[in-house]
Amino acid sequence: MGVDGRALVLGGGGVTGVAWEIGLLYGLTEHGVDLTDAGLFVGTSAGSSVASQVLSGVPLKELFAAQLAGPGSEVAARMSLGSILRFAVAGLWPGDPERGRAWLGRQALRARTMPEAERRAVIAARIGGGAWPATRLLITAVEAETGRVRIFDASSGVSLVDAVAASCAVPLTWPPVTIGGVRHIDGGVRSVANADLAAGNDRVVVLAPVTASPRPSGRPSAQVAALGPEVRSAVVSPDAAARSAIGRNPLDPARRRPAAEAGRRQAAAEAERLRAVWA
C-alpha cells in the first residue's frame, strides 16, 4: 500500500509507451494534476522505466524534453506476427498460467537476440543507472524457465537497472535478463499493467499504453474493478490521436517524439477526471 493510499500503475507498451506515459504525466502537471506524488508505483515493462525515471528526481519537463530528442541509445525492433501469436497462446494456456509463461520463456531463451550486456546498457542509459527511490516501487518480471512471477522492490537485493531490464525483456525480441543466476522475461507476460498489485490503496490511476489481453481478466480495467467498489480509480489509454502518433510498432524509437507530444495533448482531456480520483 502507498503511504497515502494513492497508487500510480504504469503499464507496458514499448519505447513509444514510455514516451506517451511521460508526455501524459507532464501534460497533466500543466493542468494542475501531479500523479507523481503517489505513495506507490507499480511498473511493468515500459512502465518500470517510466517509474524509475520519474522517481529519479529529474523534473518531468526534462524527461519530456528527452523524449523529443533523437533515438539516442535506443535500438529499433519489431515484434513478428509469430511472436504476437505466441504471447496469445501463453496467455490462453489452460490450467496453471505459470505453465504458459514458462512455455514462452523457454522459447525466449532459445531466440537469437542482441547480447544481454548490450541491452542492459540501453536500459541503464534510459533510466540513468540510479539507485532505488525512497518512494515504494514494485517492478514485475517473470522467470523464463518456470514462469514464476517476480516482484522486485528496494528490499530485493537487485539493482534497479537489472529489475527494469528484466521487466522490459520482451520475449523473442530482447534477451532474457540474468538476475541471481536466473533468467527473466518481460513482466507484461503476466499482465500488461499488473494493476492488481495496487490492492490496498483507495485511489488508483493506471496509465496503460496497451490494454489488450488474451483473457478479459488480464485487462487493466478488469483488474482495477476487482480492487473493489470503494476504490476510486481511472484507467487511461491512448486516444485515437495518440494511437495514430504511436503507430503500429511500439518498439520504434523514431516514434518517441510524436508519442510524447500526443500524450501531452491528451492530458487536457483527462485532467478533470483524474483530478476527481486523485484529489
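What follows is a short chat about a few spots in this predicted model.

Trainee: How many residues of helix 1 are buried?

Mentor: Let's start with its extent: helix 1 covers residues 14-30 and has 17 residues. From first C-alpha to last it reaches 25 Å, close to the 24 Å expected at 1.5 Å a residue. The helix is mostly covered, and the number buried is 15 of its 17 residues.

Trainee: Which side chain of opposite charge is nearest to Arg256?

Mentor: Arg256 lies in helix 10, residues 256-278. It touches several residues, among them Val15, Ala19, Pro71 and Glu74. Arg256 is buried yet has no salt bridge. A salt bridge would need a distance within 4 Å, and the nearest side chain of opposite charge is 4.5 Å away: Glu74.

Trainee: Is Asn194 buried or exposed?

Mentor: First find it in the loop between strand 6 (182-186) and strand 7 (203-207). Buried means under 20% relative accessible area. Asn194 has 0% relative accessibility, so it counts as buried.

Trainee: And what about Leu81, buried or exposed?

Mentor: Leu81 sits in helix 4, residues 81-91. Together with Ile84 and Leu85, Leu81 makes a nonpolar surface patch of about 310 Å². The cut-off for exposed is over 50%. Leu81 is at 61% relative accessibility, so it counts as exposed.

How values were computed:
Residues are numbered from 1 along each chain as its sequence is written. This is a predicted model: local features need pLDDT of at least 70, side-chain atom pairs count only at pLDDT 80 or more; totals for chains, interfaces and linings use all residues. Side-chain values use heavy atoms; hydrogens and water are left out. Patches are made of residues with over 30% relative accessible area and no salt bridge: like charges are joined within 9 Å, nonpolar side chains (Val, Leu, Ile, Met, Phe, Trp, Tyr) within 5 Å. Accessible areas come from the Shrake-Rupley method with a 1.4 Å probe; for residues, only the protein chains shown count as cover. Helices (H or I, at least four residues) and strands (E, at least two) are DSSP runs, numbered from the N terminus. Buried means under 20% relative accessible area, exposed over 50%, partly exposed in between (1.4 Å probe, protein chains only). The expected span of a helix is 1.5 Å times one less than its number of residues. Lys and Arg count as positive and Asp and Glu as negative; His and the chain ends are not counted. Contact means heavy atoms within 4.5 Å. Lists of a residue's contacts leave out its neighbours within four places in sequence.
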